[in-house]
Structure formats: C-alpha cells, structure tokens
Amino acid sequence: MSALRIGVLAYPGCFASEVFGVPDLLTMATHVAGPDHDGYEVSVVSPRRRVAASGGVALAVSPLREVDVLVVPGFELLPGRDMDAKLAPLAPEIAAIRSHAAAGNAVVSICVGAFLLAEAGLLHRRRATTAWLFADELARRCPDADIRPERLVVTDTGVTTTAAFSAMYDFALELIRRHSGAGVARTTARVALVDDARSSQTPYVDARLLPRPGNAFSHRVMRRLDQNLAARYDLAALADTFNVSTRTLLRRFADETGRSPLAHLQSARVHRARHLLETTDRTVAAISAAVGYSDAGTFAALFAKHTGQRPGDYRATFRRGAKG
C-alpha cells in the first residue's frame, strides 16, 4: 500500500485549525500504525504564494499539485453575512477545486468549506452536509443538492462534506479506517481523545441560534425573488403577492434576515451573474439583461461593489485560474 497523498487547500481567511487538524490526526495514525505502514503524504497547497488564515496567521504553502484527496477547510462566517462577498475573492481556489474534481480525485470540505464546493459546482445533485447553523443557507444556494443537516459526514461519488469544526476528526477517522484499518483508527481516537462513535450533529443543535420562528415568510419572499431575477423590482407588487403592506413586508423581512428584499435580490443577481461569467461566453451586456439590468454600466457598478472586480476582470481572473 502506497502513501495516500493529502492536500489541504489554504486560502485567505480559512481557519488555521482546520488546515492542520486533519494532518495532525493523520500524523498520530502513522505513529500508531508503525514504521511498516506507508501512511500519509500531507501538504498544504494554494494557488497563491502567500496565505494569511483567519486572525492574520501566516501559513507556509506549496504550489498546487496532484493529490489523491483535496481537503477544503472552512472559514469565519456569521449568519446573515453576504456569502457572495465572502466567496467572490476566492475564484482561484474555486477553480482549483473544480479542476481537482474533474481529474477524478476526491474532494472533502470541512464545515462551511462546503460553500466553496458549491461554487465549484460539486454539490449539484449530490447529498451533502455542513454546519447545522448554515445548512438552510446551503440548501437555498444549492436547490438541486440533497442537504442532510443532521449528518456529521456525507460522501457522495467522490465528494465528502462534513459538519462544523470537530467533524473534521470524524472524517479523518473514517479516512484512517479505510486506509490503515479499523484497529489503527480506534487506537488513534483513544490517543487523541476523539469520539469515534458519533453519527449525528443533531444533539449539538441550539435552537436559540437558528433563525427565529417565522422565517418561512422571508424564505418565501426570497424564493419569489430568486425565481424572477430578471423582473423589475416592484416592492408594492411584491407586498401584494404576500397580502401584506410594503411596510409590513420590509419589517418582517428585516426582522428575519437583517436586510431588505432589494439587498437580497441584488446579491442573488450578482451570484447568478458570476455563474454566467464563469461558465458561458455570453457578453457582459447579455448577462446584465439576464439578471434584470438594462443598463450594463449600472450592473457593472453593482457587480464591482459586491465582488471587488468589474465583470470583465472577474471573468478574466477566473478563467486564468481555471486554465492554470
């Protein structure tokens, strides 16, 4: 049995503990297995020359290379924050994830690293999980995925997703079990004081941290907006659809989401435009019209506000990453 090549994808703002958690447990497993076991060849890789993790911690990284398993750590995220703005600067990493999966190699996300896999198109028609606190958001962004918020680890045709933070150890133990044997996995868990018998994240759910009761209203409004991205934003008509006044709609939506329906619509339009820029040859003007903006200049300004790049620059940057 040859050494299993593991690459951990480091990127700006990732959790350093999730970069090193899996490699550290694999190191323990190698010691437990003994000198005759080929073990694991682990590297921290990045398409960037320098990476600062969450908290400004500098990480030493190696260039991207072919590995058997690519591990994507999570990042700092608070409920209600603009996910598009968080993911937009990570186009090179998303391209690397997509390229690695296209080569037929396994990809694993830790916690909200699942959102990077989603941006890479890897969760389409797959079962997946993530931290319970963000499972609804992942399901909303990936309507074709089967999100299992109760599961700690989900593997579907070469793509593995895990629940929050410590679920990286549940994944690592399963990897050790498959590569090194059940005995090595069991002993490693004992040495590291890691629970190797967990099967669900449901016992850890704190309902007080979930969106407050009544969020079905905002979800229905968001779904309506998402399904009509190209339509003109008409607050009065939107309120009539849900048989409420415009004032009530704005208040209830803000109470449940922390922002306005228009802010959600703009974010959804930018998300759709990013996908079209990455995957089609349609002109910026055509994409602008497809997401509801007759004035390409207005669209470009909004896009830059959300992503930090003009549409043409975003497309060029992404495609350079995809080719590299």
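So, cysteine 111: its sulfur sits 12 Å from the closest cysteine sulfur, the one in cysteine 14, and that's too far for a bond. By bond I mean a disulfide, a pair of cysteine sulfur atoms within 2.5 Å. Cysteine 111 also counts as buried, at 10% relative accessibility. The cut-offs there: buried is under 20% relative accessible area, exposed is over 50%, and partly exposed is in between, with a 1.4 Å probe and protein chains only.

Before I go on, this is a predicted model, so local features need pLDDT of at least 70 and side-chain atom pairs count only at pLDDT 80 or more, while totals for chains, interfaces and linings use all residues. Residues are numbered from 1 along each chain as its sequence is written, and side-chain values use heavy atoms, with hydrogens and water left out.

Now, what about cysteine 142? For its sulfur, the closest cysteine sulfur is the one in cysteine 111, 15 Å off, again too far for a bond. Cysteine 142 is buried too, with a relative accessible area of 11%. And if you search the whole structure, you find zero disulfides.

Okay, the sheet. Strands here are DSSP runs of E, at least two residues, helices are runs of H or I, at least four, and both are numbered from the N terminus. Two strands pair if DSSP finds at least two bridges between them.

β5 (residues 69-72) and β6 (residues 106-109) pair in the parallel sense over four bridges, and valine 71 has valine 108 in β6 as its bridge partner. Three bridges then join β6 to β10, also running parallel, with valine 108 opposite threonine 160 in β10. At the end, β9 and β10 (residues 159-162) are antiparallel, over four bridges. There, valine 153 has threonine 162 of β10 as its bridge partner.

Last stop, the surface. Valine 191 lies in helix α7 (residues 182-192). Is that valine buried or exposed? Exposed, with a relative accessible area of 55%.

Thanks, that's my tour.
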